[in-house]
Amino acid sequence: MARVLVVEDRDSLRRMLTRSLEQEDLEVEAVADGGAAIERLGAESYDLVLTDLKLPGASGIEVLEASRNRQAATP
C-alpha cells in the first residue's frame, strides 16, 4: 500500500484530503504544519508528499526540499 504524507494547516481540508486518499486504498498520515512534516519525513518514508505552500512552522517549499533531501525519488 502506498504511503502519503498530507501537509495542510486547514483542518477541514486536511480531513477531506485524508478521507479521499484513504478511499483510494492509500495509507495516509496528515499533519498541520511544516515543522511537523519535516519531522515525519526524518522518521518515516513516503511514496508521495502532498503539501500546502503557506504553512506555519516551515513553508511547503521547505517541506518539499526536506523530502527531496531524504528521498530523492518521492514526488
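Mentor: The following account takes up the sheet and then its surroundings. This is a predicted model, in which local features need pLDDT of at least 70 and side-chain atom pairs count only at pLDDT 80 or more, while totals for chains, interfaces and linings use all residues. Residues are numbered from 1 along each chain as its sequence is written, and side-chain values use heavy atoms, with hydrogens and water left out.

The open sheet has three strands in the order E2-E1-E3, with parallel pairing; helices (H or I, at least four residues) and strands (E, at least two) are DSSP runs numbered from the N terminus, and two strands pair if DSSP finds at least two bridges between them. Strand E2 (27–31) and strand E3 (48–51) are at the edges with a single partner strand each, so one side of each has no neighbour in the sheet. On average, neighbouring strands are turned by 20 degrees against each other, direction ignored; axes are lines fitted to C-alpha atoms, for helices over the stretch in contact, and angles run from 0 to 180 degrees between N-to-C directions.

E1 and E3 run parallel and are joined by four bridges. In this region, Val 7 stands opposite Thr 51 of E3. H3 packs on the sheet, where H3 touches E1 and E3 (contact: heavy atoms within 4.5 Å), and the direction of H3 makes about 170 degrees with that of E3. H1 lies across E1, E2 and E3, and runs at about 170 degrees to E2.
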